[in-house]
Each structure stands twice: as C-alpha cells, then as structure tokens.
Amino acid sequence: MELVPVRCRIPELLVRRRKMESSTSQIKINQQWLADKIGISKQQMSDYINLRSGYTSMSIQRAALIAYHLDCLQDDLFVWEWR
C-alpha cells in the first residue's frame, strides 16, 4: 500500500485566503497570484491542482511555500488515501 493524493485542496484554500483579505484589497488572489508568489508558471500550478504528472515532483520546500501563502499546513494541500 502507498499513500497517494486523491484531490488537491489548493482551489478551496485560495477561496479561504481570498475571504481573509479585506474587501478593499486590490490584490486578486487566484492561481496566477499563487504561482507568482512561489516562482512557478500558472501551467505548473494547474498541473499540481489537477494531479497531472507534475504534482509528484513538488518539493517539500515548494509545498511549504504554498502552505505559507495559503496560511495552512503542508498536509492540508491534498486529500490523501491509502491504496
């Protein structure tokens, strides 16, 4: 058996982060914003979110950066399941 991600929670965490921002904020918090913050392309972010081949190469450092900007734990980024 191995532990595998079955769903990415980044989209819902982005929504939560957006709600945390003040209504007067001019910052548009979306996938592009997050990709820019951690220094990757929007396509690579999309690969992580859609569990395409790129998600398996996410480093711990990158997961930590994403979690930092979404104000969550690294474990919160994906729903995991034993298979």
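## Basis of the model

This is a predicted model, in which local features need pLDDT of at least 70 and side-chain atom pairs count only at pLDDT 80 or more, while totals for chains, interfaces and linings use all residues. Residues are numbered from 1 along each chain as its sequence is written, and side-chain values use heavy atoms, with hydrogens and water left out. Helices are DSSP runs (H or I, at least four residues), numbered from the N terminus.

## Helix H4

Helix H4 spans residues 60-70, and its buried residues (under 20% relative accessible area, 1.4 Å probe, protein chains only) are Ala63, Ile66, Ala67, His69 and Leu70. They lie on the same side of H4 because they cover an arc of only 165° around the axis, taken from the directions from the helix axis to the C-beta atoms. Ile60, Gln61 and Tyr68, on the other side, are exposed (over 50%). The buried residues of H4 pack against helix H1 (10-20), helix H2 (31-38) and H3.

## Helix H2

In H2, Trp33, Leu34, Ala35 and Ile38 are buried, and their cover includes H1, H3 and H4. At the start of H2, a side-chain oxygen of Asn30 comes to within 3.1 Å of the backbone nitrogen of Gln32. Gly39 follows H2 with a positive phi, near 80°.

## Met45 in helix H3

Met45 belongs to helix H3 (residues 42-49) and counts as buried because its relative accessibility is 0%. Leaving aside residues up to four places away in sequence, Met45 touches (heavy atoms within 4.5 Å) Ile10, Gln31, Leu34, Ala35, Ile38, Ile40 and Ile66.

How values were computed
Helix = DSSP H or I, 4+ residues; strand = E, 2+ residues; numbered from the N terminus. Polar contact = N/O pair within 3.5 Å; in protein donor to acceptor, adjacent residues only side chain to side chain.
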